[in-house]
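Welcome! Have a look at the sequence and the model below, and then we will walk through some of the features together.

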Amino acid sequence: MVIDHSRPLKDFVMGRFTRKDLILAEDMSWADCLNTGVFFARSDSAWLRSFWADTWDGSHPRFHQAPFWDQSGICQELAKRREFLPQVLGAMATGVTSGPWFSWKGGPFLKETPHLGIWDTASLQFANPLHAQFILHLCGYSAKLKLCRNLCRSGVLRNLQLDGSHQSGAMTTLSSHPMWTSARELLQNIEIKAWAWGPCGEKPSPRGCLPVISRPTPAALRWFQLRARHGDAEVVVESIANEGIGGRRFRGELWQVIDYVRGWPPPCHPVLGKLCRQQLWCTRWTLPGESRPDGQELQILHLYPPGAKIRCCAGSMELLFWILSGEMDCSLGSSRRSLAEGEAVWIQPGHEMLSTVLAPTAAICQLPWGADPEVLHLGSALGSKVVPPLGWTWFGHPENWLGAPPGHMPVDQVTLAQEKAKMAHKTLQTCSMRATKMASTRPVKVSCYLQRWPCGRRIDLYEVD
């Protein structure tokens with residue numbers, strides 16, 4: 001189910017993945033390296049056509065019976081072609097040792113091979129709406145139709161348009177189906193709500209004359225492009241002191257802070273993996289030269305979640321405070337108004353601006369080289385906890401890995417496969433014992449059991465030179 005209808009598909013296939021044959025996302029559990037629920041395939045790729053044929057004809061027979069069927073077979077064929085060597089295949093360790101693969105276990109958030117572009121799972125598809133940014137992939141959930149309807153009613157969809165202006169002939173035919181009519185009636189009556197941080201205050205009543213100038217945000221500095229181009233940059237994440245907790249900091253990556261600030265916490269992160277209004281986190285990062293609209297000026301990127309209260313002092317030189325995305329309630333002297341995307345304000349030497357963040361915000365402090373602006377974090381304007389709707393919980397809990405709400409728990413395919421493996425292993429041992437006892441009378445072939453789900457040992461499905 002697409003939950004963000006404003007995201008262009010081209011965003012996922014451009015940039016460093018422009019010429020890749022297959023673009024997809026990593027898996028959201030320790031089952032396979034890749035998830036095949038959503039992917040982009042290049043239609044003019046001879047490599048990809050032969051790949052599909054070889055995957056269909058050459059995948060191991062056990063993937064026709066075991067869970068994760070198609071994605072396990074695809075990962076096996078990719079391993080044969082040396083695109084990568086998976087650490088896990090069909091929820092079984094392969095024995096390959098290397099650095100972490102999954103972004104939710106400390107691996108890189110974007111990965112690529114000669115023919116593949118691989119996104120982190122949350123940005124393309126995810127099984128939990130608290131983390132999913134584009135597509136909600138409810139893999140294996142029970143009562144899925146009811147769950148989807150409840151999610152729509154709760155306001156999880158963003159930027160949805162129902163005017164019908166872009167309907168194709170196929171959609172016109174589909175629109176006459178009773179289920180489509182029912183779904184359309186449901187969507188027309190839903191209320192769009194803030195799923196992430198929740199309500200974060202109202203716009204202030206303008207007071208005085210704040211010296212605001214128009215400064216459009218460059219495409220390269222919008223959320224998605226900023227994340228795709230610079231997401232692996234290392235940053236220092238700082239706490240916004242509140243509730244007696246202050247001065248804490250740790251090292252993270254820019255993509256993790258971007259996701260956290262926007263309300264989609266990076267899955268399994270020990271600090272940023274869930275939203276908590278009582279303790280907010282932010283970061284600042286100096287933009288590299290090729291990303292600065294004004295290359296001669298020092299530009300420091302600031303990322304703030306809703307509710308953050310900050311004070312920005314110009315020091316001995318004037319400072320430009322520029323909102324790339326988001327909105328802030330700003331007070332400068334006796335003037336006050338909200339600053340939104342594409343607006344900036346000059347802060348004169350010796351003056352300070354007090355601000356409360358109203359929406360997930362990316363801002364730039366621009367000043368001459370050698371200047372040292374003072375940006376203080378005063379605390380949080382939000383006091384209540386973030387309570388996920390509909391009984392959902394944050395991803396990664398050992399007893400409820402996907403965070404499913406009550407009544408919709410997905411089938412645990414890994415546990416089911418392990419139980420089948422134990423039964424297959426016992427059967428194999430029994431047959432082996434019988435074969436030994438009967439060796440003097442007739443031979444017994446037991447190799448067929450190796451096609452079932454193996455237990456307690458690894459079966460080599462590909463060769464490594």
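Let's begin in helix α1 (residues 46-58), which holds both tryptophan 47 and phenylalanine 51, 4 residues apart, or about one turn of the helix. Both tryptophan 47 and phenylalanine 51 are buried. Keep in mind as you explore that this is a predicted model.

Tryptophan 47 has another neighbour to look for: arginine 81 lies over the face of its ring, 5.2 Å from the ring centre.

## The chain as a whole

Now zoom out. The protein chain has 9 helices and 19 strands. Of its 465 residues, 49% count as buried. The accessible surface of the chain comes to about 22,600 Å², and carbon and sulfur atoms account for 54% of that.

How do parts of the chain meet? Take the contacts between residues at least 6 apart in sequence: 70% of them join residues at least 24 apart.

## Aromatic pairs across the chain

In the whole structure, a search finds 19 aromatic pairs. One of them is formed by phenylalanine 12 and phenylalanine 224: their ring centres are 5.5 Å apart and their planes meet at 80°, so the pair is edge-to-face. This pair links distant parts of the chain, as phenylalanine 12 is in the segment before β1 (22-26) and phenylalanine 224 is in helix α7, 212 residues away.

Phenylalanine 12 is buried, with a relative accessible area of 0%, and phenylalanine 224 also counts as buried, at 11% relative accessibility. Together with Phe17, Phe40, Trp119 and Phe134, Phe12 and Phe224 form one aromatic cluster.

## A helix and a strand inside

Which residues of helix α8 are buried? They are Leu254, Trp255, Gln256, Val257, Ile258, Asp259, Tyr260, Val261 and Arg262. That makes 9 of the 9 residues of α8 (residues 254-262), so the helix is largely enclosed by the rest of the structure. Its buried residues pack against α7 (223-230), β10, β11, β12, β13 (298-304) and β18 (352-367). After α8 comes glycine 263, whose phi is positive, near 100°.

Strand β10 (residues 234-240) is largely enclosed too, because 5 of its 7 residues are buried. β10 pairs with strand β11 (residues 249-253) in the antiparallel sense over 5 bridges, and valine 235 has glycine 252 of β11 as its bridge partner. β10 also pairs with strand β12 (residues 280-286) in the antiparallel sense, over 4 bridges; here serine 239 is partnered by tryptophan 281.

Note on methods. Residues are numbered from 1 along each chain as its sequence is written. This is a predicted model: local features need pLDDT of at least 70, side-chain atom pairs count only at pLDDT 80 or more; totals for chains, interfaces and linings use all residues. Side-chain values use heavy atoms; hydrogens and water are left out. Helices (H or I, at least four residues) and strands (E, at least two) are DSSP runs, numbered from the N terminus. Buried means under 20% relative accessible area, exposed over 50%, partly exposed in between (1.4 Å probe, protein chains only). Contact means heavy atoms within 4.5 Å. Accessible areas come from the Shrake-Rupley method with a 1.4 Å probe; for residues, only the protein chains shown count as cover. Two strands pair if DSSP finds at least two bridges between them. Rings of Phe, Tyr and Trp (its six-membered ring) pair if their centres lie within 6.5 Å; planes under 30 degrees apart count as stacked, over 60 as edge-to-face and the rest as tilted. A charge sits over a ring if NZ of Lys or CZ of Arg is within 6 Å of the ring centre and within 35 degrees of the ring normal.
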